[in-house]
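Let's take a friendly walk through a protein model together. Have a look at the picture first, and then we will go through it piece by piece.

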Amino acid sequence: PIQSAMAPPRRCWLIGAYHKTGCVLAVKLLTLLNRRKYVRVEGTLPTPLPTVGSAAAFSHYWFSPNVSSLAELDADYRFLHLARDPAELVASAP
């Protein structure tokens with residue numbers, strides 16, 4: 001959906017990690033940066049993602065992320081991805 005020019009943008013900051021690949025680091029970062037309980041999601045992101053837009057930055061921990069579901073997220077998002085095998089991920093920039 002297109003947002004009204006008057007509506008504030010819906011924002012979401014996610015930290016995603018896998019078992020034995022940064023999951024402890026991700027939880028500790030969220031605790032330090034957010035200083036309150038974080039929302040934990042797993043696998044494919046639920047649509048709509050609970051608390052998007054009303055949550056503070058660094059309030060979502062995404063365990064075992066299905067990155068392809070980011071395309072469905074109706075928000076201005078930032079995603080820190082602690083990748084299991086970074087060589088398998090291909091990133092390109094203009």
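In which sense do strand β1 and β4 pair, and over how many bridges? Strand β1 (residues 11–17) runs parallel to β4, and the two pair over 6 bridges. Here, strands are DSSP runs of E with at least two residues, helices are runs of H or I with at least four residues, and both are numbered from the N terminus. Two strands count as paired if DSSP finds at least two bridges between them.

Before going on, a note on the model: it is predicted, so local features need pLDDT of at least 70 and side-chain atom pairs count only at pLDDT 80 or more, while totals for chains, interfaces and linings use all residues. Residues are numbered from 1 along each chain as its sequence is written, and side-chain values use heavy atoms, with hydrogens and water left out.

**The sheet**

The open sheet has 4 strands in the order β2-β3-β1-β4, with parallel pairing. β2 (39–43) and β4 (76–81) stand at the edges with a single partner strand each, so one side of each has no neighbour in the sheet. On average, neighbouring strands are turned by 25° against each other, direction ignored; this angle is taken between lines fitted to C-alpha atoms. On β4, His81 stands opposite Gly16.

**The cores**

Which residues make up the largest nonpolar core? Its 9 residues are Cys12, Leu14, Val41, Leu45, Leu49, Trp62, Leu70, Leu73 and Ala75. Apart from it lies another core of 8 residues, including Ala17, Cys23, Ala26 and Phe63. A nonpolar core is a set of buried Ala, Val, Leu, Ile, Met, Phe, Trp, Tyr and Cys residues joined through side-chain atoms within 4.5 Å. Buried means under 20% relative accessible area, exposed means over 50%, and partly exposed is in between (1.4 Å probe, protein chains only).

**Charged pairs**

Side chains of opposite charge can pair when their charged atoms come close. A salt bridge is a side-chain nitrogen of Lys or Arg within 4 Å of a carboxyl oxygen of Asp or Glu, and the whole structure has 2 of them.

| Salt bridge | Closest N and O atoms |
|---|---|
| Glu42 with Arg40 | 3.2 Å |
| Asp76 with Arg78 | 2.7 Å |

Glu42 is partly exposed at 47% relative accessibility, and Arg40 is partly exposed at 46%. Asp76 is partly exposed at 29%, as is Arg78 at 43%.

**Aromatic rings**

Rings of Phe, Tyr and Trp (its six-membered ring) pair if their centres lie within 6.5 Å; planes under 30 degrees apart count as stacked, over 60 as edge-to-face and the rest as tilted. By this rule there are 3 aromatic pairs. The ring centres of Trp62 and Phe79 are 5.2 Å apart and their planes stand at 50°, so this pair is tilted. Trp62 lies in strand β3 (residues 60–65) and Phe79 in strand β4, so the pair ties together parts that are 17 residues apart in sequence. Is Trp62 buried or exposed? Trp62 is buried, at 0% relative accessibility, whereas Phe79 is partly exposed at 22%. Tyr38, Tyr61 and Phe63 form one aromatic cluster.

Most residues other than glycine have a negative phi. Ser64 has a positive phi of about 50° although it is not a glycine; Ser64 lies in strand β3. Gly22 lies in the loop between β1 and α1 (23–34).

Conventions:
Axes fitted to C-alpha atoms, helices over the stretch in contact; angles between N-to-C directions.
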